[in-house]
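Let's take a walk through this model, starting with a pair of helices and moving on to a sheet. Keep the structure open as you read.

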Amino acid sequence: MQKSLIFFLIVIICACAPAEEENTIRNRSWKIQYDHRGINHLSSINDPFEANILSGWIDADVRFQLNDGEWQTVWKRFTEFYRPPEHEPSYARYTYADSEMVGFTDYKPGMPFSMEQTFSFKDDALEWDIVLENRMHYHVNIGDIYINFPISNAAGPSQEGLFEGGYLQHQFVSGDGSFLYFTKRSGNPPYLLITVKPGTGLQHSQGSTYFIHSGYTGKQNRSVARAQEHLYTELGPKGEGNDRLEFGFRLHWADTYSELRDLLYENNLIDVRIVPGMSVPEDLEAQFSLRTRAVVDSIVAEFPGDTELKYLGEPLPDHYLYNVRFNRLGENMLTVYFDGGRKTWLEFFSTEPVETLLAKRSSFIINNQQHRNPDLWYDGLFSIWDMRNHVLRGPDNTDGWTGWDTYRVACDDWVLGIAPYLASVNALFPDKDQIEAVEYYIEYHVWGGLQRTDEEEPYPYGIHGVPNFKVARDTMLRAQIE
């Protein structure tokens with residue numbers, strides 16, 4: 001009887017115990033799920049919300065060319081899971097895994113090269129390694145090598161889903177010093193940091209795609225960042241030494257911003273701090289600190305004759321302190337060479353003195369961006385100046401915007417911030433004409449127009465948060481809206 005009861009309890013416990021999720025590996029920091037297409041779930045074991053940072057599959061790809069042929073990408077046909085084939089396979093991706101790693105190999109006999117991606121645990125980090133290997137006896141031109149890291153922005157309409165269920169991306173795409181990090185809307189940890197391994201750098205980004213090499217894309221797209229080098233590379237013929245390319249990233253969870261900075265330092269990258277910032281008035285200096293375990297070999301100014309760069313020493317171990325002043329307006333780049341040949345860029349922007357900028361901007365607003373016509377229902381409105389056509393836009397001249405899109409010329413952040421800006425400037429630097437413009441705006445556009453007066457019912461002092469307050473106030477006009 002006692003043995004039967006014990007057996008019965010064991011059966012119940014086994015039946016109630018949650019089964020291990022299929023195609024899942026985990027350790028003390030990570031939960032990873034994958035299928036035959038790749039990894040589609042990354043979350044922190046320590047996240048109480050178990051938020052998956054991904055909205056799709058992590059993957060790498062290559063844009064390549066044989067001789068002078070067409071540019072093409074890696075051919076991928078997915079099979080369920082790897083089985084050692086007894087004959088030539090009809091698929092091109094093998095998937096394999098154990099308790100510590102997941103790997104994907106893209107190759108089918110006849111393809112010019114193979115691409116292998118492995119994701120493996122190393123202490124609290126996740127290592128992502130990419131290997132390209134030539135399988136043919138001729139060169140392969142590589143135009144782009146890039147990774148896709150699609151993030152989940154939110155998980156459902158609930159407060160928890162909006163603020164804890166997804167991530168926002170941040171990036172420093174700057175050669176060998178590049179890194180990416182991702183935070184929740186709530187600001188709560190965990191944060192995800194992706195660092196580059198030595199020999200890997202980022203040259204360009206487009207959305208959730210990050211380019212290790214971007215020679216092809218950089219040449220085709222004129223909007224890419226001017227600071228970055230957009231380089232090609234190649235795979236040499238099989239057996240000739242340069243027939244293999246290796247790249248890698250490390251993924252880390254962090255609980256604080258200080259820990260993010262420490263991880264940059266621990267991975268031989270550079271933790272940069274700059275005051276007052278990277279937009280620097282020409283009459284001020286900037287001071288910056290490079291905290292790194294690597295050796296800072298040199299810093300080279302883009303315009304040496306117009307740049308005053310001074311090394312101030314090492315106030316703390318591994319903290320290298322500098323002063324810089326730029327005597328040339330516009331973009332000014334400092335190239336930091338470190339760790340025996342690696343390099344990254346600090347992209348500064350030099351402006352005129354702050355007082356000059358405030359005066360010029362304020363003058364432009366009152367001379368070009370305010371409607372002054374008592375016959376207009378929006379008399380006094382500060383609106384948007386069309387730089388291309390040299391026209392002041394407004395509710396009757398939207399340049400094609402219709403419906404709620406007319407917010408851009410009549411309401412919301414686009415234009416409602418102009419008058420408060422003028423008012424704040426004049427609190428420091430009073431100007432008779434600018435003060436008069438603000439008062440005109442309040443008297444003729446705001447009070448009794450955009451804003452209900454204290455005598456209006458219902459909702460005295462209420463703001464009409466719509467593109468066209470005239471329609472909101474006129475029942476006949478409002479009735480005609482479809």
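This is a predicted model: local features need pLDDT of at least 70, side-chain atom pairs count only at pLDDT 80 or more; totals for chains, interfaces and linings use all residues.

An axis here is a line fitted to C-alpha atoms, for helices over the stretch in contact, and angles run from 0 to 180 degrees between N-to-C directions. Helices (H or I, at least four residues) and strands (E, at least two) are DSSP runs, numbered from the N terminus. Residues are numbered from 1 along each chain as its sequence is written, and side-chain values use heavy atoms, with hydrogens and water left out.

Now find helix α5 (residues 354-368) and helix α8 (residues 418-428): their axes come within 11 Å and cross at roughly 135 degrees. That makes α5 oblique to α8, since angles under 35 degrees count as roughly parallel, over 145 as roughly antiparallel, 65 to 115 as roughly perpendicular and the rest as oblique. On the α5 side, Leu358, Arg361, Ser362, Ile365 and Ile366 make the contact (heavy atoms within 4.5 Å), and α8 brings Ile418, Tyr421, Leu422 and Val425.

Next, the sheet. It is an open one of eight strands, ordered β6-β7-β8-β9-β17-β13-β12-β11, with antiparallel pairing (two strands pair if DSSP finds at least two bridges between them). β6 (93-97) and β11 (168-172) sit at the edges with a single partner strand each, so one side of each has no neighbour in the sheet. From one strand to the next, the twist averages 15 degrees.

Zoom in on β13 (residues 191-196) and β17 (residues 244-254): six bridges join these antiparallel strands. Look for Thr195, which stands opposite Arg250 in β17.
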